[in-house]
Amino acid sequence: MGLSGLEIYKLLPKTNCKECGFPTCLAFAMKLAAKQAELSACPYVSDEAKAALEAASAPPIRLVTIGTGENKVEVGNETVLFRHEKTFYHPPGLFVRLKDTLSMAEFESAVDQVGAYSVERVGIELRPDGLAIENASGDAATFGQYVAAARAKTDQPLVLIASDPTAMAAALEKTDGSAPLIYAATADNWEAMAELAAKHKAPLALKNDGDLSALASIVEQVKGAGVEDLILDPGVRDKHDSLVALTHLRRLALKSSFRLLGYPTIVFTGEGTDSQAEEATVAAQHIAKYAGIIVLDHFDPATMYPLLTLRLNIYTDPQKPIQVSPGLYEISEPQPDSPLLVTTNFSLTYFSVAGEVEGSGRPTWLLVVDSEGMSVLTGWAAGKFDAEKIAKSVQQYDVPSKINHKKVVIPGLVSTISGELEEELPGWEILVGPREAIHIPAYLKTW
Amino acid sequence: MPVTVNVPKEKWAGKVREVTLGATTDAGGTRKKTVTVGGESTLPFLTFEGEMPNPPVIAIEIQDRYPDDWSELLLTAWDGVVNNAAEWAQKAEEYGADIVALKLQSAHTEGDNTSAAHAIDTVKAVLKATGLPLIVYGPGQPEKDNEVLVAVAEAAKGERIALGNCEDKNYRTIVAAALAHDQLVVAKTPIDVNLAKQLNILISDMRLDLDRILMDPTTGALGYGLEYSYSVMERLRLAALTGDSMTQQPMICTVGEEAWRAKESKVNEGVPAAWGDWAKRSANWEVITATTLIHSGADIVVLRHPDSIKLVRQTIDDLMVQ
């Protein structure tokens, strides 16, 4: 959506004053188009040109921050419809909804539970992002009291849910500048809600009943009131309509450059579903397809862990596969006489091999070599998974002290390196394993 | 000031082929019903710009021997039928499966190493026990697969069963058997768009009609490579819709097998407390893997747990609402 060099040139003073450091305005424009220069280098650029250039260089989906400090959540700024086209950048925030009609004790214990939850996967710590507190009581003072109680217990970002601006104002007074998401401004209350968003420098969600044109109209009004950090709720709740609405919004922003709807979205997976298990399927749908914020009505580790795992999967950069840490892995409590297998640290290779070994039930040592995230054949071709590397890893991870034999099984795909490996590991027997992970269980039975 | 939003619509040039599994008595088989998959001229469920004539369907995986490597949770759920493929198939039909996916595990050379004649008996018994269309998998060893699947293809002539897996190594024999006895094949390739396309080309070069090929681009479970399957399937489906003929096959995903292999589903000993309740977690593992792949274009999901059928069906039904 950026402007070309010539389009930028037309907006510049065309005086060739050289103060920007470039010989001509045209040269400067070309550098700007290539993002190798900053517009601020031109002291004479008009405000009008500045606005036009900034608008053109703004991302098609605005990056919106909820919360402050190290727990803040950033959503939006996505550039593609399909992750394979580049990558998805900002994983959807997972929030758990609590109502101010719970007893204070129940409420506080739920706040603690969500705040304390954390789970590790492939060396990464995964956590839900925050809480959505709803003014179900209808009472402004109660809402304020519950929000204050949550703030006293957690630094996680909050979503404040209330349709009455008075209740919202009461809650915002208790959030001391922590930029919670205000949910939501509608056609009826947007002026008051926008005023609160501006006053508290908080992002604002806009809700409509399914009509995208009407939603865009509210966006225009709210932007006119000076509030820019917006989140959209297209207002549909069933699975099909939500998929369609979020697809439309993503396409409008990316393909039609429709700026009024170029904002992240929010979905409520508990609305329209009957059980925690069904809610999880809707959350999964929205992790894959285009949600910015997902508000869950259930909190349960048995659901949260798979959803966090899915989010990690979908938001993995396809060009930078996740690597597992190299090292000597113990599978099914291996003994000194258990077999020693070698593989690479490309996550998919590792998971295939480790999964098969685990499935076989045979205690096994698995030496994972640092192939810089490459698979067996690619790593071998690139010199990242060769005899020297394997021999080095055997020493580095102290393999000889763990086992009482000198046999190492290499992947069948790199059988050609067995000669070299014999030279690198004198006295060792090099065995060639199967070419595919799926044949490992059968191979291990022959051990 | 009113704003008018014109939603962008894609104009797709291509369409996924329709493939029908099973044959009723009028068509020379004995199935009570047939199942047709594919036919999409739009991305999954985006029916505002194209058609999705057939919903994704659910196959239930059963085996012809006691699956001693399966999770205790599965064995309990299928209690009483896991020793008998015919009873198991009947139960799967009762629980609402659209298709029975029978794996001839007992033929595995390192296991019971049962014969082709045994495979024929099993398939006949299963066909008798259920009126659903059948997918029959060999034990996953190319040579033994050839042996049992050729025999099964002949014995089930007229039933329009799908033979799997038809891979790079053994496609010739399996395709020849499908040609000779009017069956379908499941063409399986390892998570790669070009390999999937290549195998479809090789198979169609042998003159098997394209409406007899299901493609299995290989399933990675949640947390175990799901994102690779997801993206390869999206790419295959986009290629199909833009008119690349050799990618226009319906896709099948072996969700149950992969999801229940994950440590998260399989066991509950020595796992972190943060993983939560075992039964709920493992159910989520299978259902979320299935849901995600349905959104990337799966036409058939092969599941293992009976309770997953209801949830995945609910998802499909709700997404098919226009």
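Let me start with a question. Which residues in H10(A) meet which residues in H11(A)? On the H10(A) side, we have Gln276(A), Ala280(A), Ala283(A), Ala284(A), Ile287(A) and Ala288(A). Their partners in H11(A) are Thr303(A), Pro306(A), Leu307(A), Leu310(A), Arg311(A) and Ile314(A). By class, this contact splits into 9 nonpolar, 2 polar and 1 charged residues.

One caution before I go on: this is a predicted model.

Now the geometry of that pair. H10(A) covers residues 276–288, and H11(A) covers residues 301–314. The two pack at an angle of about 15°, and their axes are 10 Å apart. Angles under 35 degrees count as roughly parallel, so H10(A) is roughly parallel to H11(A). The crossing is right-handed.

H4(A) is residues 104–116, and H5(A) is residues 140–153. Their axes come within 10 Å and cross at roughly 35°. The crossing of H4(A) and H5(A) is right-handed. Who touches whom? From H4(A), it's Met104(A), Phe107(A), Glu108(A), Val111(A), Asp112(A) and Gly115(A). From H5(A), it's Tyr146(A), Ala149(A), Ala150(A) and Lys153(A). The class count here is 6 nonpolar, 1 polar and 3 charged.

Let's zoom out to the whole chain. Chain A has 16 helices and 17 strands. Its C-alpha trace spans about 80 × 70 × 40 Å along the principal axes. How is chain A divided? Domain 1 runs over 5–57, domain 2 over 64–314 and domain 3 over 327–445. The centres of domain 1 and domain 2 of chain A, taken over C-alpha atoms, are 38 Å apart.

Two numbers on packing. Of the 447 residues in chain A, 48% are buried. Then take the contacts in chain A between residues at least 6 apart in sequence: 67% of them join residues at least 24 apart.

Last topic, the interface. On the chain B side, 46 residues are in contact with 54 residues of chain A. Three helices of chain B each supply at least two residues of that side: H7 (226–241), H10 (278–295) and H11 (306–320). Which of them gives the largest share? That is H10(B), with 10 residues. By class, the side of chain B that touches chain A has 23 nonpolar, 12 polar and 11 charged residues.

That's my tour. Over to you.

Methods
Residues numbered from 1 in each chain as written. Chains lettered and ligands numbered in written order. Predicted model: local features only at pLDDT ≥ 70, side-chain atom pairs only at ≥ 80, totals over all residues. Contact = placed C-beta atoms within 7 Å. Helix = DSSP H or I, 4+ residues; strand = E, 2+ residues; numbered from the N terminus. Nonpolar A, V, L, I, M, F, W, Y, C, P; charged D, E, K, R; others polar. Axes fitted to C-alpha atoms, helices over the stretch in contact; angles between N-to-C directions. Parallel < 35°, antiparallel > 145°, perpendicular 65-115°, else oblique. Left-handed = near helix turned anticlockwise from the far one by under 90°. Domains from an automatic or database assignment. Buried ≥ 20, exposed ≤ 12 C-beta atoms within 10 Å, placed from the backbone.
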